[in-house]
Structure formats: C-alpha cells, structure tokens
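Notebook open. I want to look up ring pairs first, then the nonpolar cores.

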Amino acid sequence: MYLVDTDVIIDILRGIKGSKEFLLDISNEGIFLSVISMAEIFSGKETRDPIKHEKILRFLSHFEVVPLTQDDALIAATAIHNGLTVVTHNTKHFEKVEGLKILKPSYR
C-alpha cells in the first residue's frame, strides 16, 4: 500500500509523461493520500477555477484520504503509523526517517 506524495499528484495533474501509468501500476496495491497533501493541492491558485476544482476532486476520490491524528503530524509519520510506503520524487525529504519505506517513481 502506498501513500502518494503531493509531487506525484501534481505531475499527474500537469500531464507529466509516464506519471499516470506509474500510478495505475501501483494502484492495485492500494493508494492513499495524506490530508496534508490534500491541503497542499488545493492551496494552488489554479484550483480556484470551479471546473478545475471539480476535476481534481473527482481524481482524488480514487484515493483513501488518511486523516491526521495526534500521532500523525507529518506525511512520514502518517505513512509509518498506517504501514504505508511513501511515493515521492522528494526522497531527500524522507530518507532520514527511520523505518519509513519509500518508492521513487520511475517515470522521470
């Protein structure tokens, strides 16, 4: 099961070659999204457009959103707490977290 980081979602929304196929490949194992990533995605100004906002909501409905609890203050903690692998290009942000499983997408 995978906790998909914001950068991967943004790649898909921007149509980066291979990003959609990569996500489809891992989706059969379960894909999750942190509530933090949801907030980051909707903080972008292009999401203020009602049509784009609705498209993004429909896309994100394919993910199970993992809420924050007292133990889950960060994306890495959310992944560890829920037994998930973080999927991100930003491996430097996460590689020092002990016990965290990381998958770097192969499409770029």
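Predicted model: local features only at pLDDT ≥ 70, side-chain atom pairs only at ≥ 80, totals over all residues.

Are Phe22 and Tyr107 buried or exposed? I checked, and both are buried.

Aromatic pairs. I searched the whole structure and got two of them. In one, the ring centres of Phe22 and Tyr107 are 5.7 Å apart with the planes at 55°, so I logged the pair as tilted; over 60 would have counted as edge-to-face. Then I looked up where the two partners sit. Phe22 belongs to helix α2 (residues 19-27) and Tyr107 to the segment after β5 (101-103), so this pair ties together parts 85 residues apart in sequence.

For Phe59 and Phe63 I have centres 5.6 Å apart and planes at 75°, so that pair goes down as edge-to-face. Phe59 and Phe63 are buried too.

Cores next. Which residues touch the most other members of the largest nonpolar core? My list reads Val4, Ile9, Leu23, Leu60 and Phe63, out of 18 residues in that core. I also asked which elements give two or more residues to this core: β1 (2-4), α1 (6-13), α2, β2 (31-34), α3 (35-41) and α4 (50-60).

Leaving out residues up to four places away in sequence, Leu23 touches Val4, Ile12, Ile31, Phe59 and Phe63. So both rings of the edge-to-face pair turn up among the contacts of Leu23.

Last entry: there is a second, separate core of 10 residues, and I noted Leu3, Val66, Leu84 and Phe94 among them.

Definitions and conventions
Residues numbered from 1 in each chain as written. Heavy atoms only, no water. Phe/Tyr/Trp six-rings, centres within 6.5 Å; stacked < 30°, edge-to-face > 60°. Helix = DSSP H or I, 4+ residues; strand = E, 2+ residues; numbered from the N terminus. Buried < 20%, exposed > 50% of the residue type's maximum accessible area, 1.4 Å probe, protein only. Core = buried A, V, L, I, M, F, W, Y, C linked by side-chain atoms within 4.5 Å. Contact = heavy atoms within 4.5 Å.
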